[in-house]
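Here is a friendly tour of one protein model, meant to be read with the picture beside you.

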Amino acid sequence: MRELVTTWSLELTEPPAVAAAARRRDYELRRAHTVCPQLNRFLYASVGADWTWYMRLSWRFDDWLAFLDRDEVETWIAYAGGNPAGYFELERQPQDSVEIAYFGLLPQFIGKGMGAALLEDAIEAAFEAGGRRVWLHTCSMDHPAALANYQARGFRIFDTTVEYEDVPDEPLQPWPGAFMTGKESD
């Protein structure tokens, strides 16, 4: 299906003034030090299904491994109650730029006040990874509060595009049958 999608690219060129120690976190943040394509695909599919993250769903194991097994890429996971609650993926790029390539919460953790703190942690990790410029992109298919959350953390829009994209006809699911109710699966 063709859909008109607006994409905003945003950047920060200096760390926000909020100190990490001053933030309240309802999660434990850990960096994944072992390259694990299965984990990254799980996070990508689970976080992104509601927001039509489809670009990497066709990747084979070797594609995930080739992308992740580079010094430039870091995966950070927020755990709440022992469960993965959200994640962000950083990619160091030329000219001291770090992209927050993916960022989000699993559906069960949306609306619990974690999004702002996790984004602040992502920003801090990106600057600590050597970024003098931290950037990301979001689009009109993302969570309705995404753009406002980024801007509230100090990101400024530096580019906007509006294009038709070929998006999946059916809603994405983290696995086949994920959105079936008990009656439908009988």
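## The second largest pocket

Let us begin with an open space in this predicted model. Strands β5 and β6 (133–139) each supply at least two residues of the lining of the second largest pocket. This pocket holds about 290 Å³ of space. Its lining is made of 17 residues, and those closest to the centre are W53, M55, H137, T138 and C139.

What classes of residue does the lining of the second largest pocket have? There are 11 nonpolar, 4 polar and 2 charged residues.

## The largest pocket

How can empty space be found in a protein at all? Rolling a probe the size of a water molecule over the atoms shows where empty space is left.

The largest pocket has a volume of about 340 Å³. It is lined by 20 residues, with F103, L105, G115, H143 and N149 the closest to the centre. Sorted by class, the lining of the largest pocket has 12 nonpolar, 6 polar and 2 charged residues.

## Two helices that cross

Now look at a pair of helices. Two packed helices are described by the angle between their axes and the distance between the axes. For α1 (residues 37–48) and α2 (residues 61–68), the axes come within 9 Å and cross at roughly 100 degrees. The two helices are therefore roughly perpendicular to each other.

Which residues of α1 and α2 make the contact? From α1 come P37, Q38, N40, R41 and Y44, while α2 brings F61, W64, L65 and L68. By class, this contact of α1 with α2 has 6 nonpolar, 2 polar and 1 charged residues.

Next comes a detail of the backbone. Most residues other than glycine have a negative phi, and most peptide bonds are trans.

T52 is not a glycine, and yet its phi is positive, at about 60 degrees. You will find T52 in the loop between α1 and α2. Q95 also has a positive phi of about 60 degrees although it is not a glycine. Look for Q95 in the loop between β4 (83–93) and β5.

## The whole chain

Finally, step back and view the chain as a whole. How many helices and strands does the chain have? It has 4 helices and 7 strands. Starting at the N terminus, the elements follow the order β-β-α-α-β-β-β-α-β-α-β.

The radius of gyration of the chain is 17 Å, close to the 16 Å that the globule rule gives for 186 residues, so the chain is as compact as a globular protein of that length. Taken along the principal axes, the C-alpha atoms fill a box of roughly 55 × 40 × 35 Å.

Terms used
Residues are numbered from 1 along each chain as its sequence is written. This is a predicted model: local features need pLDDT of at least 70, side-chain atom pairs count only at pLDDT 80 or more; totals for chains, interfaces and linings use all residues. Side-chain values use heavy atoms; hydrogens and water are left out. On a 1 Å grid over the protein atoms alone, a cavity is a set of points where a 1.4 Å probe fits but cannot get out, and a pocket is an open set with protein on both sides within 12 Å along at least five of seven lines; lining residues have an atom within 4 Å of a point. Grid points are joined across faces, edges and corners, and a volume is the space filled by probe spheres set on the points. Ala, Val, Leu, Ile, Met, Phe, Trp, Tyr, Cys and Pro count as nonpolar, Asp, Glu, Lys and Arg as charged, and the others, Gly among them, as polar. Axes are lines fitted to C-alpha atoms, for helices over the stretch in contact, and angles run from 0 to 180 degrees between N-to-C directions. Angles under 35 degrees count as roughly parallel, over 145 as roughly antiparallel, 65 to 115 as roughly perpendicular and the rest as oblique. Contact means heavy atoms within 4.5 Å. The radius of gyration is taken over C-alpha atoms; the globule rule is 2.2 Å times the number of residues to the power 0.38.
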